[in-house]
Every structure is written in C-alpha cells, then in structure tokens.
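Please walk through this two-chain model, beginning with the overall build of each chain and ending with the places where parts meet.

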Amino acid sequence: MGFSDSFFASRFAMTRGDLESYLAEALSQGGDYADLYFEYLSTSQISIDESIVKSATQGVSLGVGVRVIAGERTGYAYSDDLSPEKIRQAAHVAACIAAGPAKVEKTPLEEGRRRNLYPVLTAPNETAFLKRMDLVKRADAAARAYDARIFQVQATYADSLRHVMVATSAGVLSFDRQPLARISVAALAKQIGTAPQRGYSGGGGRVEFAYFLEDKTPEHFAREAARQAIVQLDAVEAPAGETTVVLGPGWPGILLHEAVGHGLEADFNRKKVSAFSDRIGQQVASPLCTVIDDGTISHRRGSLNVDDEGNPTQRNVLIENGILRGYLQDQLSSRILSAAPTGNGRRESYEHIPMPRMTNTFMLAGESDPEEIIRSVPKGIYCASFGGGQVDITSGNFVFSASESYLIEDGRLTRPVRNATLIGNGPEALRYVSMVGNDLQLDEGIGICGKEGQSVPVGVGIPTIKIDRMTVGGTA
Amino acid sequence: MSQNHLAELAAETVKQALDRGASEAECTISEGNEFSANVRMREVESLKQAGSRGAGLRVLIGKRAGSAYTSDLSADGIHRMVASAVELAAITSDDPHAGLPDAEELGTIPSDLQLYCADVERLETPFKIDLARTAEAAALDADPRITNSEGGSFDSRLGRRIFANSRGFMGEYRSSYCSLAAVPVARQGESMERDYWVSMARSFAGLEPAAHVGQVAAERVVRRLGARKVETQRVPVVFEPRTARSLLGSIFEAVHGESIYRQASFLAGKLGEKVAAETLTVIDDGTIAGLFGSSPFDDEGVPTRRTTVIERGVLKSYLLNTYTARKLGMKTTGNASRGLSGNAGIGHGNLFLERGERTPAEIIAGVSNGFYVTELIGSGVSVVTGDYSRGAAGIWIRNGELAFPVSEVTIAGNLNNMLMDVEVIGQDLEFRGSTAAPTLLIREMTVGGR
C-alpha cells in the first residue's frame, strides 16, 4: 500500500502537496523541524457486572497535532477538524509560538520501508458486537464457576483501532494501522470470618479477534482472577523491612519498568535530572542482568511498526551484563544529544507532545532453574504478580505493589501474604540480583504506563530472579 | 460554535435518539481550550495552545443501555453517534435499576458558583511565560544547592459543559482554571532530589504570587537532601496537608456507591457505625463558590449538595448517583460523574476533612519519635480490605522537632485502624484541589526500612 491508498489520503482526500504545504506553514516563522501527526481512533468497550451487561459504548475521535521545534523549544497546536483551513490554522499557531531564526531546506516527503508486526486482517473492533459481548459473559460465568466463594465478578472487553500518519520536515512520511484489544476480569471472594479479597487478571495485544477464542480465552483470565482472590483469603500479614525477594516470571517485570526504564528515558537524562544521568558505561546492575526495550515483537501490546514521530521501532539494549548501555530517545532528545533515534517517541493522542517512552521492557533469561532459586532462600518472599508501580526518577526511589505473594521458609513457598508495596532505589536495586532464571516470560498484555499525564500501552517481562535485599512494606 | 448552538445541538441529539427508538436519552457536550507554557533553566521549553470539543450520548431502550461518543459534531457525525448508541442498547442486558433520575430530582443550583473568571482568558502569552519564568527563577535563586530544574509552568483551561436529557433537563456552565508550578532539582554530594509546589485557582487573581511558588518549591526540595533510610519500626505518623489529602481519596473510594453495593469496601454496610476517631468529620460539598469540586448540577442533571460523610467518627452517608442509590434503596447524593459517554460513575465535589484546633508545629511538638510524611508514591491501598502500604519520604521527628530527612521507606497499616487512630487534626485546612485535609497525626503505623 502506498500513500495514495492510505487511510488519510483516501478518506480525507489529502495529497502529498497538502502535507508539504502544512509543513511549510509550520516552519513559516522559523524553526528547524516540524511534524504533523494525524490520528483517527475508534474504540469500543463492553462491561459486565452482577452478570448483567450494564454498559456498552463506542465512538470515534480524530485530529491532527502540529509541532515545530526551534533549538530546544517546542511549539504545539492541534485541531479536531481535518479541514485544510483548520490544519493550516493549527500549523500557524505552532509556528508563532516556536518562532526562531533558523530556516530549513525543504525536503520532499518519502515513504520509508514498511513492515507489519501486527498483520491483523479483521481488527477486533470490526467484529460483530454480539461476539465481543459474548466474551464478557463467558468471563463472568467462568469466574463464578471457579469456586463457590466468588461472589462478585466484573469483566471488561475493550478494543481500539488507531490509524496514524506522520509527516515531517525531514522528509519522513509514514502511516500505520494499530489494532489493540484486551479483556480484564476482577473477582471478589469471601468466606465466613474473613474480609473479602479481590483478584485481577487480563490480557490481549495487537491481535485478531480469534486470539480470544483460541489462544487466551475469557475463561483463562477469569479463572486466574478468581484463583488470586481465593488465594488471598488465607493470606497473612506481609513482613516489614529488608528481606530476600524472589520475583516470579512475567508481570513482575514491572520492576524493570520502574527501577530502570523510566530513569533511562533520554529527556530526563539530557536534562540531567535522572538518577541514571551520566552513568553510561557504568555498572548499575549485577552482571547477570541484561535489560532490553523492544518495540518490534509481533502482536505485543507495547509494539509499534513506527513510533509516533514516524521512526521505526527497534530492539534497544539498555543494560548489558550489568553495564548501562543506552537511553530511550525521541526526536528532540536525539537531536540535542546527537544520538541516533531509537523509535521510542510516543504520545497518548494528537493532543499531546511526544516524549521518550518504553515499549516492551524485559530482562533476558539466565541459567538458573526457577525451582533452584526458591530452594536457595532460607527466608524471604516470592512475588507472583503485581498491581502497579511508580518512580521518582531524580532520587531513583521506586515502588511496586505485590498483588500475589508468598512467604519463603526454608526454601519452600509456604503461606500467601497480604498485598504490600516493595521499595528500592533504581541504580542500587539490581546490584543485589544474585540469580536469574531460565524462564523468561512476557506479561499477558494489560500494561498502561503514565508519564506527565500521558498514558500509553506497554509490555514488560522477566524471568524468575532473586534479589538478595529489598524493603518490603508489610506490617508484620 | 456559539453557546446557543451547542445547547440546541444537545437537545436535538436527544430528540434524534428518541426518534430512532430510544425510550430515554441523555447527551453531554463539552468544549475546552487549553494553554500551557513551560520554562526550563530560564528558557522557554514548550508552548501549547489548542481547543477541542466532543459529544457523548447514552440511550435506554426499556431497561437496556447503550452509549457512544464522537469528536465530529457535524450533522453526519451526530447522526452516526446516535445510530451507534441505539445499536448497542438493542443488545445489552435488561438491568432493572437502569434509568434516568426522576424528574423532580433534576435541577441546577441557582446561585453563581464562580466557576468561570474572565481574567484567565485575558492573559497575554508573554505574561504567562513570564509567570512560569519567575516561578522557576525564584526556586533556582533560592539556594546554591538548587542547580537544576524540571522547570516552571503556567497552564490554563477554559471549558464549557452542556447536559440535556429526555426528561426535560437542560443545563450548562462554563469553567476556568489556571495553575502555576515550579519543579526544582537540588544536589548535595551524591544526593539528588526533586520536589514541586503548585498553586491553582479558577481565577488568575486567586493564584499565589509566582515568586512564592518558586520559593516554597525550593524550601521543599532542599530539606530532602541527604535523606536516609531508617530502621523498621512502629511509630506515630504525621501527614502534612499534601499527603493527608490522599487519605480522603481512599475514604472516597470506600464510600463510593459502586464499592458499597458490590461489598467491595471496608466501609460497606457500616452506616451509623463508628468507623473513625471522634476527631474526624468528613464533608463532601459541591456547592462552595470558586472551588474545583463545585458544579451547579452533577453529570445526570441533579443539583449538587453538601453531604456529611463521616460525623465525629460515625459513618453518615455514602456518595451515590441515581443507579447506585436505586440499588441500595436510597436517594442520589448528586455525585454522578462521567466523561462524555457511558453510564454515569461517581465523583466527589469538594471532599474535605474538617479542621481541628492545633497548629502543625504543636502537632509535631507532641511527638517524641515519629515520621512526618511529605511524599507518598505507589498505589498500595485496597479499599476492599483496607490494607494500606505505600512508599514514603519525609522528615524524622525527634523530641518534637523535625530532625533529618528520610526516604526509601514504606508506611503500612489498615485503613480501619488508621481512621480509628487519628489522634490529632490540625487547623491548617486549605483547598488546593477538590480534596483537602489539614495536618493529621495517626497514633501508630509500621515504617518499613532497614
């Protein structure tokens, strides 16, 4: 497919000449770079609660964001109307607020090589609504059937199809069709004599609708949510203070997202406000740790063919055998730092200025047998799943909240413990990794990352790892 | 589009929905203009200026609900939105409690809530940039250890919201908002810390002076330098207003009608019971002029009001919309909230903890060994169980004085006990957003550290 067959060209009768004229308008007051980001987003969401499908909604939003960069200064404007005069008006506003002396040579727009990491023929949101609704009904039934102690179930199915087109004054012209879908299930369990407990599970990706019928079914997520809620019924108080922590594979990879990922975003580093600033080439983790951010894994929630600035995503090594190797770049930071773009310039929507963001962040597998890792711990906790996390990138302190964990006593998992927050310091925490399992898993596709008010879908992953020392925020 | 046009469009959308088979319909239209200026290291870093609008529709066909939204307000866009909502309502489940508020419950507060102030709209761009620059400069100039910054910023937003339903409600209001912030970074040896201060108001006149914003941010960041981890121990914990507010967020979730009817709250079923210390009274009031949580009607067209949630430790009311009220056999408290589309959820108005008598200094002076919490991170609070475990930073209290900065620790407990253990409440109540709380002291929590 070429430009003339692309979504925006055909639906809004746009030509290359139009795009070039908007870019010229954006640079009419000076500036050394401009880009246009066109977005057409359709979404739908269906929820079940008390076995009643109480809500179903669908809708569309569309618009264009115009950005002008002059040195380190950014001007931004957007329009939710794609008529030529409104786009030109937005370009003019962006131009005026970034006005500067520099002038750029006009570069003709050229389409880059195209690839498709998510060749989805029929996007989930192009599937009959009754079929999508059936998924939440199945999830509800499966969670209730799991155990008689499950007394409340909520399930939500949500999908979106985003068409984007980026045109830049550097001559980049790219477009993409980005499907995304997920199921999430929350279950509450109770038994006589204890407080109710909640379990939560979900997943999806840039997948065909059939993924939820054949690969990861509603029953899969429902049983997992119900199982977690039931396990928590017998949970004891979590320990308080420093202890040995073993993280299970998959979703606990959120540790990497908080402990190192955000701190390696190039905007914080060029401003030198990150705990990782000026540390490239230094040891920041145990030699067992190699951490990757990879936006090219097919069908993954965090993957993109091109980032939201038109650059192809790629596999970036952040930490290699414990040594800090690189940052996550966007257009602005890579220009200022004279670094190559890494395909990490992302934004929530056309209303937002892009920033360096993660895609799918994970640690490579090591050599230890996961069973062996648990057996090696006389006293500690094992965390199987997490709710969420947060980081203060300047001090490097980060937290993540365990949603399913167990005491380890004499090398065995014994009792489940109540939810607790774990806290550590980014450049320190991974130095205490003493074993890395051979069981790398990526999460099931439910992650949302928030930064400066912008949310984007991401993935995480990790093998079983042992951290000799970390602070657990329990009460025991 | 002019004001009247948007109101007409909302009414017309409701009518179209009824014409296409809906038995009830409600339409929300919102319009907003945003501006933001960021200055970093005394230079302009970014400027953003734009406006957008959107419409949302919820319809009922009998007891089945469907909804849709669009950013395309053309005749064609509205037509498609109506068709989408009706299509969905044909296939969802019958929900016996679904419906609009009763006609006699609808209405709007007649007095002027001062949600819109024209002085925000009149500010010129260079002036707004100067405010951000002044705020940042005041922080940078305050202390030689402040050598870096994430910047100063000025943000404003002007909005208009219109709501119409098929039971004859039509209401609209405008709102304005502006804020000024500074985020300095300080360094001393290996220790690097960041903190912020932000002032926000519905009118420009209500903002704190720019230099003051920078100076407060500077004081806050400098006092964090050289923070250390403490031993794990159980001690009294003092929350300053900025962190005390977050406890109100947890109380809100715990009295939220949906958590109540699902029994997913540690406060479910406890109306009339003592759930907190006698020092504690929590009010939700959507009718206070000029504040951020105020509005003349909620997102179902019901007038907002003042609701006593907890009175001297006794749970008096949940916060409800029409749906959750019907589920519980109660009346709505005028707390319906939604974006553009979907069933109405629940939001709070101005939710605050009534002030006590002591000054913050008196409260700190009464603690011989304890933790003064100035920052909380993470989301480790469950209103299902009341379990509470969050990352914290602040200052250690020794013999009634702020002694040394602390970070990389957790504070943990259970909200049931924490609310019962609120021993002292300060007199320093200030509205810096739609939740507000004065300094407060909790008798004992577990601090997790070394």
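Of the 450 residues of chain B, 58% count as buried, a residue being buried if 20 or more other C-beta atoms, placed from the backbone, lie within 10 Å of its own, exposed if 12 or fewer do, and partly exposed in between. The model is predicted, with local features requiring pLDDT of at least 70 and side-chain atom pairs counting only at pLDDT 80 or more, while totals for chains, interfaces and linings use all residues. Residues are numbered from 1 along each chain as its sequence is written, and chains are lettered from A and ligands numbered from 1 in the order in which they are written.

Chain B holds ten helices and 20 strands; helices (H or I, at least four residues) and strands (E, at least two) are DSSP runs, numbered from the N terminus. Its C-alpha trace spans about 70 × 55 × 35 Å along the principal axes. Among contacts in chain B between residues at least 6 apart in sequence, 71% join residues at least 24 apart, where two residues are in contact if their C-beta atoms, placed from the backbone, lie within 7 Å.

Chain A has eleven helices and 24 strands. Its radius of gyration is 24 Å, close to the 23 Å that the globule rule gives for 476 residues, so chain A is as compact as a globular protein of that length. The C-alpha trace of chain A spans about 70 × 55 × 35 Å along its principal axes. Of its 476 residues, 62% count as buried, and residues 24 or more positions apart account for 76% of the contacts in chain A with a separation of 6 or more.

Each chain can next be taken by its domains, whose bounds come from an automatic or database domain assignment. In chain B these are domain 1 (3–222) and domain 2 (227–450), with C-alpha centres 24 Å apart. Their contact takes 30 residues from domain 1 of chain B and 25 residues from domain 2 of chain B. On the domain 1 side, strand 2 of chain B supplies the largest share, five residues. By class, that side of domain 1 of chain B has 15 nonpolar, twelve polar and three charged residues; Ala, Val, Leu, Ile, Met, Phe, Trp, Tyr, Cys and Pro count as nonpolar, Asp, Glu, Lys and Arg as charged, and the others, Gly among them, as polar.

Chain A is divided into domain 1 (3–232) and domain 2 (240–473), and the C-alpha centres of these two domains lie 23 Å apart. Here 38 residues of domain 1 of chain A are in contact with 27 residues of domain 2 of chain A. Strand 6 of chain A gives the most to the domain 1 side, with seven residues. That side of domain 1 of chain A is made up of 14 nonpolar, 15 polar and nine charged residues.

Eleven bridges join strand 16 of chain B to strand 17 of chain B, and the two run antiparallel; strands pair if DSSP finds at least two bridges between them. Phe404(B) in strand 17 is the bridge partner of Trp396(B). The hairpin of these strands has two residues between them, and Asn399(B) takes a positive phi near 50° there. Strand 17 of chain B is mostly covered, with ten of its 14 residues buried. Three bridges also join strand 17 of chain B to strand 20 of chain B, again antiparallel, and Thr410(B) stands opposite Gly448(B) in strand 20.

Where do the chains meet? In total, 60 residues of chain B are in contact with 62 residues of chain A. Strand 2 of chain B gives the largest share of the chain B side, eleven residues, and that side has 16 nonpolar, 30 polar and 14 charged residues. Three bridges join strand 3 (residues 73–79) of chain A to strand 2 of chain B, running parallel, and Thr74(A) has Ser46(B) as its bridge partner.

Conventions
The radius of gyration is taken over C-alpha atoms; the globule rule is 2.2 Å times the number of residues to the power 0.38.
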